[in-house]
Amino acid sequence: MSFAAASILSLCVAVWPPTPWTAQDGAPQTPSFAEAYAGGVPFASFFEKVEARHDMWHRNYENGAPSAELVRRVRALPDHFRLLVVAVDSCSDSANTIPYVARLVDEAENLEMRIVHPDLGRWIMEAHRTPDGRAATPTVLVLDEEGERVGCWIERPLPLQEWYAGQGHLSARERLRRKFAWYDADGGASTVGEIVERLEAAAAGRSICPGA
């Protein structure tokens, strides 16, 4: 979901008070990815303050245990990675993807994650757009131990992204209903699988980062 659309279709509830990045002279500045990560909050802190789509976030987290195979693949990676996530609780795509990613992080000692509010992470969203050119939540960056971007994942799993783009003939309500049904049937498998693919590519020296 684009941030603009989320603002129109649902109330975007900030779960912590965003503050602008500033340089020593007080002027606004764009941080590095490492600085953005350091300024984010752990998923647990974000999760406990979720208000919008509360039941969706909690249901998906509680039922979102990743497969043992995906956990094994992440644990087998020789490197430590961090996931920098731009997300807001009112975004339905965030609520249907990030809880599953959080459960993967829970299971993998070599993986961390922090959440940044779109007010602070807009520059990240604008630099990593969807296939149809939108800045969207969630935007997930894979960072290496030096804080460099080595991969990214944007908005929703590829099969759903492709399906959704071809359903302009449906009403907005029907397209949303079918999107939720897809997410429920998939149970986070596609999201987590695609994140693991990006981690493995990064460990092999390749970056999967569409839209960048």
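This is a predicted model: local features need pLDDT of at least 70, side-chain atom pairs count only at pLDDT 80 or more; totals for chains, interfaces and linings use all residues.

1. At what angle do α7 and helix α11 pack, and how far apart are their axes? α7 and α11 (residues 189-203) pack at about 55°, with axes 9 Å apart. Axes are lines fitted to C-alpha atoms over the stretch in contact, with angles from 0 to 180 degrees between N-to-C directions.

2. Residues are numbered from 1 along each chain, and side-chain values use heavy atoms, without hydrogens and water.

3. Where the two helices meet, Tyr 100, Val 101 and Leu 104 in α7 contact Thr 191, Val 192, Ile 195 and Val 196 in α11 (contact: heavy atoms within 4.5 Å).

4. The open, mixed sheet has five strands in the order β1-β3-β2-β4-β5 (strands are DSSP runs of at least two residues, helices of at least four; pairing takes at least two bridges). β1 (41-42) and β5 (149-154) are its edges. β4 (residues 139-143) pairs with β5 in the antiparallel sense over five bridges, and Val 140 is bridged to Trp 153 in β5.

5. Helix α7 (residues 98-107) also lies across β2, β3 and β4, at about 145° to β3. Leu 83 has contacts including Val 101, Val 105, Val 140 and Leu 199.

How values were computed
Lists of a residue's contacts leave out its neighbours within four places in sequence.
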